[in-house]
Amino acid sequence: MFCQTPRQPKPWLVHRHGGQRVFAVHSEKKGDPKPCASCYHTFMQMNAQKLGSKFDLKLVLANWKSHKTLDEGMHWLAKVGPKVSASPYSVILCPPFPFLSALYSEIQAKKYAVVLGVQDLSPFPAGSYTGAISVRNLEGLGVAYALLGHSERRRYFHETCQEVANKVDLAIE
């Protein structure tokens, strides 16, 4: 499900729902053009089938980039985690990869309604790719989302549309 409209590529937020179904949507900022009608319709149709007619997508994505230490992250989680269950929003936390295991353990232990995501994925399947994080590496870490094609990845790492497409394909598998 890729938007073929000629415009600046948008980041993708990929979600694996219950290990069964995967959804991919354009991430939009206020004032950005909306996704093309076919992408939006397909996404809404997929979600409506899974979630019923009460579907209302309200996501808050906390992308920590590389700003926090693990201790700062745990402090943030202790402060925000208890408030999330009363929120009308789904809170997705995308910490640096090395923090996933510790944060997942804390989320499970405290039963916070925070969902984990990753900031990037390898454009390659599991294999001999030093430093790359494959989808397989994330098993057992409670990761349900992946933020792919972020503007910083494109700018500083020269990530191409094809690389983003490869990442989305691997996330969807």
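Which strands and helices do the buried residues of helix 2 pack against? The points below take this up after a few words on the model.

1. Basis. This is a predicted model, in which local features need pLDDT of at least 70 and side-chain atom pairs count only at pLDDT 80 or more, while totals for chains, interfaces and linings use all residues. Residues are numbered from 1 along each chain as its sequence is written, and side-chain values use heavy atoms, with hydrogens and water left out.

2. Overall make-up. The protein has 5 helices and 6 strands, where helices (H or I, at least four residues) and strands (E, at least two) are DSSP runs numbered from the N terminus. Along the sequence these elements follow the pattern β-β-α-β-α-β-α-β-β-α-α. Of the 173 residues, 36% count as buried, a word that here means under 20% relative accessible area, whereas exposed means over 50% and partly exposed lies in between (1.4 Å probe, protein chains only).

3. Helix 2 and its surroundings. The buried residues of helix 2 are Gly73, Trp76, Leu77, Gly81 and Val84. In answer to the opening question, they pack against strand 3 (59-63), strand 4 (90-94), helix 3 (100-110) and strand 5 (114-118), with contact meaning heavy atoms within 4.5 Å.

4. Shape of helix 2. The 15 residues of helix 2 (residues 70-84) should span 21 Å at 1.5 Å a residue, and its end C-alpha atoms are 20 Å apart, which agrees; the expected span is 1.5 Å times one less than the number of residues. A kink of about 30° lies at Ala78, shortly before the proline Pro82, the bend at a residue being the angle between axes fitted to the seven residues ending there and the seven starting there.

5. The nonpolar core. The largest nonpolar core has 23 residues, of which Leu77, Leu93, Leu103, Val114 and Leu121 touch the most other members. Helix 2, strand 4, helix 3, strand 5, strand 6 (143-148) and helix 5 each supply at least two residues of this core. Such a core is a set of buried Ala, Val, Leu, Ile, Met, Phe, Trp, Tyr and Cys residues joined through side-chain atoms within 4.5 Å. Leaving aside neighbours within four places in sequence, Val114 is in contact with Leu77, Gly81, Val84, Val91, Leu93 and Ile107. As background, nonpolar side chains tend to be buried together in soluble globular proteins.

6. Phi of His158 is near 55°, a positive value in a residue other than glycine, and His158 is exposed, with a relative accessible area of 62%. Phi of Lys65 is also near 55°; Lys65 lies in the loop between strand 3 and helix 2 and counts as partly exposed, at 28% relative accessibility.
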